[in-house]
Amino acid sequence: MSDPIDRRTFATAFAASVVLGSEALSADTPAVAPMPHGKPTEAPFERDYPKPGFNPAWRRPQINRLLIQDFVVYAHTDAAMVSKLLDKEPALVNSFMDWGGGDWESGLGAAAHMGNRAMAELLLERGARIDIFCATMMGQLDAVKAFLTLQPKLIDAKGPHGFSLHFHAQLAGKDADKMVEYLQSVKKIDLPPNPFLRKPGDKKDPPKKS
């Protein structure tokens, strides 16, 4: 397996993935120009069912949505900012951002789908709740087998932006081959090259100017 793609290329591709969905990313175009940003809107809603008998007390304010958004975005690439925001609000570690249409993403989910093991370890140390996508990316084969034994339908589960378990397995570094092999033994799918991996023979980033 190839190494995870460089951070700058990922950050550009991620911007498009949020706006366009995972289908916007292909093996041929791992770096996609950022799309214009819109503003989040809450879908209109009226109950067409009986109101629950329990009324939440709402004794404490919710975490600000903009703060959650920034935390999740930083969790793809910027460990220093992630640590700073967690010091400011520790509960961010298990917060989720809805990018629209139920595309939920946590900081850990962000780290997992980019193959950022160091970020995932930081978040786990700060109390993030591990899930099957993170376990897959980190090459924890026994944990993934346990998840799928408990709930076999997780083989079809979709993570942030619709990325599959097989997709995350490709990002497992030295454990990627065995993780992909196992998942393919459970359910074989057509698995194209992962756009967040550096292809063999790709040029390294140019050295920074002093």
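Which are the buried residues of helix α7 (residues 141–150)? I looked them up in the model, which is a predicted one, and found Leu 141, Val 144 and Leu 148. I then checked how they are placed, and they cover an arc of only 65 degrees around the axis, which puts them on the same side of α7. This reminded me that an α-helix has 3.6 residues a turn, so residues three or four places apart point the same way. Turning to the other side of α7, I noted that Asp 142, Thr 149 and Leu 150 are exposed there.

Next I asked what the buried residues of α7 pack against, and I listed α6 (132–137), α8 (165–169) and α9 (176–186) as their partners.

I stepped back to the protein chain, where I counted nine helices and two strands, running from the N terminus in the order α-α-α-β-β-α-α-α-α-α-α. Of its 210 residues, 40% count as buried, and among contacts between residues at least 6 apart in sequence, 62% join residues at least 24 apart.

Last, I looked at confidence: the chain averages a pLDDT of 85, and 77% of the residues score at least 70. Where pLDDT is low, the predicted coordinates should not be read in detail.

Conventions:
Residues numbered from 1 in each chain as written. Predicted model: local features only at pLDDT ≥ 70, side-chain atom pairs only at ≥ 80, totals over all residues. Heavy atoms only, no water. Buried < 20%, exposed > 50% of the residue type's maximum accessible area, 1.4 Å probe, protein only. Helix = DSSP H or I, 4+ residues; strand = E, 2+ residues; numbered from the N terminus. Arc of directions from axis to C-beta. Contact = heavy atoms within 4.5 Å. pLDDT = per-residue confidence, 0-100.
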